[in-house]
Amino acid sequence: QVQLVESGGGLVQDGGSLRLSCSASGSISSINSMCWYRQAPGKQRELVALTTSGGIKTLRPSVEGRFTISRDNAQNTVHLQMNSLKPEDTAVYYCNAVLQQQPHAPAQPYWGQGTQVTVSS
């Protein structure tokens, strides 16, 4: 079994900062990518930031310059540093990892339980 555990959400004022972390544990052979998604009430889940095992990082345009994604491959952990937060960043943030549980097995997506980020104006 694989578990993704997120931490670091909370309530912050407009312009504040938060750091989200997600750790993957369990039967893991390799992790192809780790991402952060978010879903605001009444809206579709959207990709916020992605990092691959090859070191590629991408950010949603609306968070570029404010958010940073980083990954610790040895710890199977991904972080999302969020600065200059805005009320429109309010959402439940979900960690996603595409990984292989065994060598040569198909890569599968796994999700964390989500962590609430609320930015007050």
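**An all-strand chain: group meeting talk**

From the N terminus on, the elements of the protein chain read β-β-β-β-β-β-β-β-β-β-β. That makes 11 strands and 0 helices. A word on terms: these are DSSP runs numbered from the N terminus, with helices being H or I of at least four residues and strands E of at least two.

Two caveats before I go on. This is a predicted model, where local features need pLDDT of at least 70 and side-chain atom pairs count only at pLDDT 80 or more, while totals for chains, interfaces and linings use all residues. Residues are numbered from 1 along each chain as its sequence is written, and side-chain values use heavy atoms, with hydrogens and water left out.

Overall dimensions next. The C-alpha trace spans about 50 × 25 × 25 Å along its principal axes. The radius of gyration is 14 Å, and a compact globule of 121 residues would come out near 14 Å, so the two agree. That radius is taken over C-alpha atoms, and the globule rule is 2.2 Å times the number of residues to the power 0.38.

Now the surface. Of the 121 residues, 40% are buried. Buried means under 20% relative accessible area, exposed over 50%, partly exposed in between (1.4 Å probe, protein chains only).

Contacts are heavy atoms within 4.5 Å. Among contacts with a separation of 6 or more, 56% join residues 24 or more positions apart.

On to the sheet. In which order do the 4 strands of the open sheet run? The order is S1-S3-S8-S7, with antiparallel pairing. Strand S1 (2-7) and strand S7 (67-72) are at the edges with a single partner strand each, so one side of each has no neighbour in the sheet. Neighbouring strands are turned by 15° against each other on average, direction ignored. Axes there are lines fitted to C-alpha atoms, for helices over the stretch in contact, and angles run from 0 to 180 degrees between N-to-C directions.

Look at one pair. S3 (residues 18-26) and S8 (residues 77-82) run antiparallel over 6 bridges. Pairing takes at least two DSSP bridges between two strands. Ser-21 stands opposite His-79 in S8.

Last, Gly-16. Gly-16 lies in the loop between strand S2 (10-13) and S3. Is Gly-16 buried or exposed? Buried, because its relative accessibility is 18%. Beyond its neighbours within four places in sequence, Gly-16 contacts Met-82, Asn-83, Ser-84 and Leu-85.
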